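User: Hello! I am new to this structure and would like to learn how to read its features one by one. Could you guide me?

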Amino acid sequence: MSNSLLNPKYIPKAVYQAGLTRGFLYSGPSMVPTFHPGHLLYLRPNASDISPGDVIVFDNPSGNIHTVHRVVSISDGGLITRGDNNRLTDLIPVLPDHLIGRVEILEDQGRLLPVASGRRGLWLAQFGWRARGIGRRLRLIFRKPYNLIRGCAPIRQILHRWFSPYMKVMHLNTPDGLLVKTTFRERTVALWRPQQGHFECRKPYDLFVPRPPGAK
């Protein structure tokens, strides 16, 4: 989703002169990892040569928002779209009156990057959909043994002994109170807020990171 229309004065001059005269601040999960919240998207308004694989911005008829999705096919009823992170295509085709433009440039931390479109864009999106589908099936297959390991204290203790040399625990004083951060090979994998009783741990690190007593 994107609901923040940029003032044209914030669009880089070279981008504007190339005809990309509209811009949006992206938000939402539907186009991850192609776009992430905070990315600036520059688009060509009212592009007439839209093809499958192009990323477009359109008015969502179900609400007062703008949607950023990829065109997967074109039918007599309009443009059929799907988010790069969505399992299904959108139910409602995009009509010409709802189209705002085609996204061609992404700005990420000051870098201007081309957005994959056309056949290449569609191929990349299809690869991502297949990969995520395989990932979902693998999670279903391994969910039961994973939960068995997570619920078995002796196995967790063994894993903890194996991996503890690579773990660091840091105690940080924050405005909200004490924050205990656990890292694994310099990557933050768990956060514990004793005052709130809140503990969060990324998978699969929850197999060997000890859960604090009383954590919610």
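User: Where does arginine 70 lie?

Analyst: Arginine 70 is part of strand β5, residues 66-75. Helices (H or I, at least four residues) and strands (E, at least two) are DSSP runs numbered from the N terminus. Keep in mind that this is a predicted model, in which local features need pLDDT of at least 70 and side-chain atom pairs count only at pLDDT 80 or more, while totals for chains, interfaces and linings use all residues. Residues are numbered from 1 along each chain as its sequence is written, and side-chain values use heavy atoms, with hydrogens and water left out.

User: Is arginine 70 buried or exposed?

Analyst: Buried means under 20% relative accessible area, exposed means over 50%, and partly exposed is in between (1.4 Å probe, protein chains only). Arginine 70 has a relative accessible area of 3%, so it is buried.

User: What lies 2.7 Å from a polar atom of the arginine 70 side chain?

Analyst: That is the backbone oxygen of glycine 53. A polar contact is a pair of N or O atoms within 3.5 Å; within protein, one must be able to donate a hydrogen and the other to accept it, and residues adjacent in sequence count only if both atoms are side-chain atoms.

User: How do I read the largest pocket, and how much space lies in it?

Analyst: Rolling a probe the size of a water molecule over the atoms shows where empty space is left. On a 1 Å grid over the protein atoms alone, a pocket is an open set of points where a 1.4 Å probe fits, with protein on both sides within 12 Å along at least five of seven lines; lining residues have an atom within 4 Å of a point. Grid points are joined across faces, edges and corners, and the volume is the space filled by probe spheres set on the points. Here the largest pocket holds about 280 Å³. It is lined by 15 residues, and those closest to its centre are Thr34, Arg70, Asp84, Ala116 and Leu124. Helix α2 (residues 118-150) contributes the most to this lining, with six residues.

User: How many salt bridges does the structure hold?

Analyst: A salt bridge is a side-chain nitrogen of Lys or Arg within 4 Å of a carboxyl oxygen of Asp or Glu. The structure has ten. In one of them, aspartate 54 pairs with arginine 102, with 3.4 Å between the closest N and O atoms. Aspartate 54 sits in the loop between β3 (40-45) and β4 (55-59) and arginine 102 in strand β7, so the pair ties together parts 48 residues apart in sequence. Aspartate 54 is buried at 3% relative accessible area, and arginine 102 counts as buried at 9%.

User: Which residue forms a salt bridge with arginine 150?

Analyst: Aspartate 206 does, with the closest N and O atoms 3.1 Å apart. Aspartate 206 is in the segment after β12 (198-201) and arginine 150 in helix α2, so this pair joins parts 56 residues apart in sequence. Aspartate 206 is buried at 11% relative accessibility, whereas arginine 150 is partly exposed at 34%.

User: What about glutamate 107: buried or exposed?

Analyst: Glutamate 107 belongs to strand β7 (residues 99-108). Lys and Arg count as positive and Asp and Glu as negative; His and the chain ends are not counted. Glutamate 107 is buried yet has no salt bridge, and the nearest side chain of opposite charge, arginine 111, is 9.5 Å away. The glutamate 107 side chain does make a polar contact with the side chain of tyrosine 42, at 2.3 Å.
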